[in-house]
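This report covers one protein chain.

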Amino acid sequence: MLEEEIDSLRRKSYIEQFKRLENRFGIQLRKFGRWKHFVESGQRRNLVAHCNSVVTEQYLSQCKAEGINIPDDVQVGDITKIGPAYLFAATFLVFEVGVKLAQTLWRKALPDELATADRHLNNTIFDLLWDEEWIAAERLGEYARQLPNMQRDADRRIAAINHAIALRQLNKNEDALSVLADFDWGETVSAEFRLAERILAEDYESAERLFRMVGGDGEFFDEHAYHSWPLFIDF
């Protein structure tokens with residue numbers, strides 16, 4: 001029965017799949033800012049895969065139904081163009097939607113596994129930072145920051161720190177500081193987290209003091225992290 005359900009779902013369009021999952025799990029899945037871009041990329045993928053890249057009436061009608069603004073000079077029978085910029089943006093969009101969809105349904109269906117889901121999400125964002133995929137890291141960081149049910153304070157702080165790292169690398173320093181301002185970074189907080197916050201605030205004198213205090217064997221990061229975590233790029 002499960003295999004039949006999955007096979008039936010996969011035969012649907014992305015729009016129909018999301019609607020079906022919403023009904024199945026009783027949760028909104030299409031209320032995110034880049035939904036329209038995701039639908040357009042899925043429809044354009046169909047043109048490339050099945051129509052030799054020729055624009056069809058279905059492509060135009062589906063995009064119009066979702067409120068997607070298609071230029072007036074794009075007509076049925078035109079050849080759609082996909083350059084490197086569009087391809088890479090669409091690839092990361094599908095990745096972003098996939099992670100968010102998996103996390104949302106995981107957290108809804110298996111609430112006992114929230115702590116595992118939190119770690120998985122933070123590790124995914126860390127991998128993006130490691131690969132210097134700052135935009136993708138920013139988008140998933142924003143998603144993580146808005147989750148209402150992260151289990152541990154440490155995971156919430158790590159998510160905020162990683163989000164702030166991505167923002168700083170995109171020259172959004174004020175936004176990064178705003179993210180950190182949601183937390184108290186006082187003396188009662190782990191020295192490692194205070195070190196991260198001081199680095200992101202560019203208070204390198206305080207950061208050096210905390211760095212020496214933490215040393216190479218901290219609770220949340222060790223000597224290897226100083227070489228691998230983009231938090232320490234500038235410091």
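Trp 229 touches Phe 126, Leu 129, Ile 161, Asn 162, Ile 165 and Phe 221, with neighbours within four places in sequence left aside. Contact here means heavy atoms within 4.5 Å.

This is a predicted model, in which local features need pLDDT of at least 70 and side-chain atom pairs count only at pLDDT 80 or more, while totals for chains, interfaces and linings use all residues. Residues are numbered from 1 along each chain as its sequence is written, and side-chain values use heavy atoms, with hydrogens and water left out.

**Overall build**

The protein has 12 helices and zero strands. Helices (H or I, at least four residues) and strands (E, at least two) are DSSP runs, numbered from the N terminus. The C-alpha trace spans about 65 × 45 × 25 Å along its principal axes. Of the 235 residues, 40% are buried. Buried means under 20% relative accessible area, exposed means over 50%, and partly exposed lies in between (1.4 Å probe, protein chains only). Among contacts with a separation of 6 or more, 58% join residues 24 or more positions apart.

**Cores**

A nonpolar core is a set of buried Ala, Val, Leu, Ile, Met, Phe, Trp, Tyr and Cys residues joined through side-chain atoms within 4.5 Å. The largest one has 42 residues. Trp 229 is among those with the most contacts inside it, together with Leu 121, Leu 129, Ile 161, Leu 231 and Phe 232. The elements that give two or more residues to this core are α6 (114-130), α7 (134-146), α8 (153-169), α9 (173-180), α10 (191-200), α11 (204-214) and α12 (223-228). Helix α8 gives the most, with nine residues. A second, separate core has 17 residues, including Phe 38, Leu 47, Tyr 59 and Cys 63. In soluble globular proteins, nonpolar side chains tend to be buried together.

**The α3-α5 packing**

Helix α3 (residues 35-50) packs against helix α5 (residues 84-109) at an angle of about 115 degrees, and their axes are 10 Å apart. Axes are lines fitted to C-alpha atoms, for helices over the stretch in contact, and angles run from 0 to 180 degrees between N-to-C directions. On the α3 side, the contact uses His 37, Phe 38, Glu 40, Ser 41 and Arg 44. On the α5 side, Tyr 86, Ala 90, Leu 93, Val 94 and Val 97 take part. By class, this contact has six nonpolar, two polar and two charged residues. Ala, Val, Leu, Ile, Met, Phe, Trp, Tyr, Cys and Pro count as nonpolar, Asp, Glu, Lys and Arg as charged, and the others, Gly among them, as polar.

**Salt bridges**

A salt bridge is a side-chain nitrogen of Lys or Arg within 4 Å of a carboxyl oxygen of Asp or Glu. By this rule the count is 21. Three of them are listed here.

| Pair | N to O distance |
|---|---|
| Arg 30 and Glu 22 | 2.7 Å |
| Arg 34 and Glu 96 | 3.1 Å |
| Glu 96 and Lys 100 | 2.7 Å |

Arg 34 lies in the loop between α2 (14-25) and α3, and Glu 96 in helix α5, so this pair ties together parts that are 62 residues apart in sequence. Glu 96 is buried, at 3% relative accessible area. Glu 96 and Lys 100 both lie in helix α5, four residues apart, about one turn of the helix. Both are buried. Salt bridges that share partners join Arg 34, Glu 96, Lys 100 and Arg 139 into one network.

**Single residues**

Arg 194 is in helix α10. This residue is buried, with a relative accessible area of 10%. Arg 194 meets Trp 185, Gly 186, Glu 187, Val 189 and Leu 210, not counting residues up to four places away in sequence.

Two loop residues other than glycine have a positive phi. Asn 52, in the loop between α3 and α4 (57-65), has phi near 55 degrees. Asn 52 is exposed, with a relative accessible area of 68%. Glu 132, in the loop between α6 and α7, has phi of about 60 degrees. Glu 132 is exposed too, at 53% relative accessibility.
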